[in-house]
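Subject: Structure for your review

Dear colleague,

Please find the structure below, together with its sequence. My notes on what was found in it follow directly after.

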Amino acid sequence: MEQGNVKEAMELMNRFGVAAVKEQFMDWLSEGMGFSTQAVSNKLQDTLRFPVYRSILTLDPGLIYYDFDAHMVGQLFNTLVEYDQESRTVTPCIAHSWESSIDAREWTFHLKKASCSIMVGN
């Protein structure tokens with residue numbers, strides 16, 4: 001696990017681990033998952049960890065092809081607007097307002113100001 005071989009570790013645990021060891025392993029694994037904040041270079045850094053068992057080919061929303069990559073992009077990025085199916089309206093997300101040209105071929109989105117960063121990696 002510490003070398004990043006999650007799939008191999010899980011296979012070994014399923015093959016050779018007894019119930020008590022499996023439970024202890026899953027508890028250890030769960031402790032490292034989720035949201036945490038830690039000080040890095042005198043700044044607070046937020047980290048979100050969750051298990052991914054497949055290779056991520058791209059996180060570029062314009063280049064995604066596979067459902068798994070699309071799911072990951074949906075978890076990481078906001079959209080300009082969202083569609084509310086219940087009210088059947090378009091609601092703001094990172095765009096607080098928008099306008100279109102008369103022929104609706106050109107749109108201008110006004111974005112909310114925000115301060116955040118995302119770090120992907122180990």
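Trp98, Trp107 and Phe109 are linked into a cluster by ring pairs. Here, rings of Phe, Tyr and Trp (for Trp, its six-membered ring) pair if their centres lie within 6.5 Å; planes under 30 degrees apart count as stacked, over 60 as edge-to-face and the rest as tilted.

Please note that this is a predicted model, in which local features need pLDDT of at least 70 and side-chain atom pairs count only at pLDDT 80 or more, while totals for chains, interfaces and linings use all residues. Residues are numbered from 1 along each chain as its sequence is written, and side-chain values use heavy atoms, with hydrogens and water left out.

The aromatic residues

By the ring rule, the count comes to three aromatic pairs. One of them joins tryptophan 98 and phenylalanine 109: the ring centres are 6.4 Å apart and the planes stand at 35°, so this pair is tilted. Tryptophan 98 belongs to strand 5 (residues 95-100) and phenylalanine 109 to strand 6 (residues 107-111), so the pair ties together parts that are 11 residues apart in sequence. Strands (E, at least two residues) and helices (H or I, at least four) are DSSP runs, numbered from the N terminus.

Tryptophan 107 and phenylalanine 109 also form an aromatic pair, and this one is stacked, with 6.4 Å from centre to centre and 20° between the planes.

For accessibility, buried means under 20% relative accessible area, exposed over 50%, and partly exposed in between (1.4 Å probe, protein chains only). Tryptophan 98 is partly exposed because its relative accessibility is 27%. Phenylalanine 109, at 31%, is partly exposed, and tryptophan 107 is partly exposed at 44%.

The hairpin

Strand 1 and strand 2 form a hairpin with two residues between them. The two strands pair in the antiparallel sense over seven bridges; for strands to pair, DSSP must find at least two bridges between them.

Threonine 47 is buried, because its relative accessible area is 16%. Leaving aside residues up to four places away in sequence, threonine 47 touches Gly34, Phe35, Ser36 and Gln38, where contact means heavy atoms within 4.5 Å.

Serine 41 has a phi near 55°, a positive value in a residue other than glycine. Asparagine 42 is likewise not a glycine, yet its phi is positive, at about 65°. Serine 41 counts as exposed because its relative accessibility is 67%, and asparagine 42 counts as exposed at 83%.

A residue in helix 2

Leucine 29 has its place in helix 2 (residues 19-31). With a relative accessible area of 10%, leucine 29 is buried. Leucine 29 and proline 51 are 22 residues apart in sequence, and their C-alpha atoms are 9.1 Å apart in space.

With kind regards
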